[in-house]
Amino acid sequence: MRVIVVGGGAAGFFGAIAAAQANPQAQVTILEAGQQPLSKVRISGGGRCNVTHACFDPALLVQHYPRGGKALRGAFSRFQPQDTVAWFRRHGVTLKREADGRMFPTTDSSETIVDCLMQTARRLGVRVQLATPVVSVTSLSPGFRLTLKSGAVADCDRLLLATGSSPQGHRLAASLGHTIEPPVPSLFTFTIRDAALRSLAGMAVETADLDLQFPSAKPLRQSGPLLITHWGMSGPAILKLSAWGARSLHDAHYQAQLRVNWLPSSNLEHMRSLLLAVKSDYPKRAIANHCPVAVPRRLWHYLVERSQIAAERRWADLSKAEALRLAQELTQGHYAIAGKGVFKDEFVTCGGVRLREVTFKTMESRQSEGLFLAGEVLDIDGVTGGFNFQSAWTTAWIAGQAIASS
């Protein structure tokens with residue numbers, strides 16, 4: 001049996017390896033358009049490669065996927081993060097768990113994962129052809145004929161599309177009868193045009209409550225660490241909002257309102273009462289120099305200024321209206337999102353092959369017999385933390401097993 005995998009990324013290699021391991025007689029070839037395989041693996045996690053996440057309950061795991069969670073529920077019951085950890089351990093790579101649940105190779109080097117995948121593929125006889133773009137695919141019923149950019153053709157009995165979110169991969173899938181949900185960015189930071197806020201770049205808040213509000217869509221909520229940057233806001237809570245709100249933000253041209261509670265344990269009325277109590281207890285102290293709440297001092301100065309309270313004002317002079325404004329800034333601050341930035345090297349999109357056109361028990365296409373799909377070519381995306389790699393490992397492993405037995 002001749003198997004061709006289009007795409008030499010995480011899903012492509014893992015699917016090719018799974019097929020070759022399950023059927024040693026299969027002739028498996030990976031066609032990668034670029035000059036280097038596994039390029040995204042190399043740069044992920046700041047060069048450390050966030051392989052997966054230590055979430056070992058499929059019912060909880062699927063909650064980290066803004067798109068694709070329901071379809072992945074059964075798939076994760078067959079191959080989930082525990083299986084990923086065990087697979088890499090069997091192939092000589094030990095993963096470690098960090099405090100936030102992310103899992104990395106103990107070497108803290110993505111090259112460990114790259115070398116493992118490439119050496120395993122080589123040992124199993126998987127051929128890897130680099131700089132080999134595929135320009136078209138024709139169904140032979142049975143099998144497929146691929147036309148390469150060089151003009152050469154390649155025939156196969158089974159075809160695995162694992163091209164990531166590349167437009168060419170989507171074009172190939174569409175030519176074989178698939179519907180493509182339009183791709184839009186998923187993980188990104190928020191641009192906020194506030195020079196005073198940006199002057200706080202590098203400041204982190206351990207936990208903030210966020211509400212993302214749209215003119216014509218339901219609001220979204222997240223809690224977690226928030227980071228102020230040179231262009232606005234980032235951090236895990238912002239990235240989660242960007243993932244869950246990817247389509248709504250795209251439709252709103254990345255213009256929306258973000259409401260921030262810098263002190264999640266407090267609400268507006270509690271904070272107003274606290275500030276008035278401070279006024280009574282510390283009347284002679286300067287407001288800007290006496291911060292009664294658990295926020296960084298520079299952030300406190302910024303919020304006092306944002307509340308239109310002069311830095312030299314004393315607590316005794318704080319009016320009820322000013323106390324209310326300051327309480328609002330602390331618990332209900334509104335920030336205008338004026339665009340999106342990028343998140344390091346994590347290029348994640350939502351969109352891709354419509355999920356109902358794929359049988360998730362095998363990852364085989366419902367539109368074209370003998371065609372399988374895995375990874376980000378599908379309309380699946382997870383939040384940051386190793387979830388996107390996990391969906392790639394899972395769908396590729398299932399596809400490889402099914403290819404080998406079909």
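**Overall make-up**

The secondary structure of this predicted protein comes to 14 helices and 21 strands, and the C-alpha trace spans about 85 × 40 × 35 Å along its principal axes. Of the 406 residues in the protein, 52% are buried.

**Strands and their pairing**

Strands of a sheet pair through backbone hydrogen bonds, and the pairing may be parallel or antiparallel.

| Strand pair | Sense | Bridges | Facing residues |
|---|---|---|---|
| β1 (2-6) and β2 (27-31) | parallel | five | Val5 and Ile30 |
| β7 (134-139) and β8 (144-148) | antiparallel | five | Thr138 and Arg145 |
| β11 (180-185) and β18 (349-353) | antiparallel | four | Val184 and Cys350 |

The pair formed by β7 and β8 belongs to an open sheet of three strands, in which the order is β7-β8-β9 and the pairing is antiparallel. At the edges of this sheet lie β7, residues 134-139, and β9, residues 153-156, each of which pairs on one side only. From one strand to the next, the twist of the sheet averages 20 degrees.

Burial can be stated for two of the other strands in the table. In β18, which covers residues 349-353, five of the five residues are buried, so this strand is largely enclosed by the rest of the structure. Its antiparallel partner β11 is joined to β18 by four bridges, and within this pairing Val184 stands opposite Cys350. Strand β1, covering residues 2-6, is mostly covered, with four of its five residues buried; this strand runs parallel to β2, to which five bridges join it, and Val5 of the pair stands opposite Ile30 in β2.

**Two buried residues in helices**

Phe76 is found in helix α4. The relative accessible area of Phe76 is 0%, and the residue is therefore classed as buried, a term that applies under 20%. Although Phe76 and Pro58 are 18 residues apart along the chain, their C-alpha atoms are separated by 5.6 Å.

Asn388 lies in helix α14, which covers residues 387-405. With a relative accessible area of 13%, Asn388 also falls under the 20% limit and so counts as buried. The side chain of Asn388 reaches the backbone nitrogen of Gly382 at a distance of 2.7 Å.

**The second largest pocket**

Rolling a probe the size of a water molecule over the atoms shows where empty space is left. The second largest pocket of the model has a volume of about 190 Å³. Among the residues that line this pocket are Ala71, Gly74, Ala75 and Arg78, together with Leu355, Arg356, Val358, Thr359, Phe360, Lys361 and Arg366.

Two elements, α4 (69-78) and β19 (358-359), each supply at least two residues of this lining. The largest share, four residues, comes from α4, the helix in which the buried Phe76 is also found.

How values were computed: Residues numbered from 1 in each chain as written. Predicted model: local features only at pLDDT ≥ 70, side-chain atom pairs only at ≥ 80, totals over all residues. Heavy atoms only, no water. 1 Å grid on protein atoms, 1.4 Å probe; cavity = no way out; pocket = protein on both sides within 12 Å on 5 of 7 lines; lining within 4 Å. Points joined across faces, edges and corners; volume = space filled by probe spheres on them. Pairing = 2+ DSSP bridges. Axes fitted to C-alpha atoms, helices over the stretch in contact; angles between N-to-C directions. Buried < 20%, exposed > 50% of the residue type's maximum accessible area, 1.4 Å probe, protein only. Polar contact = N/O pair within 3.5 Å; in protein donor to acceptor, adjacent residues only side chain to side chain.
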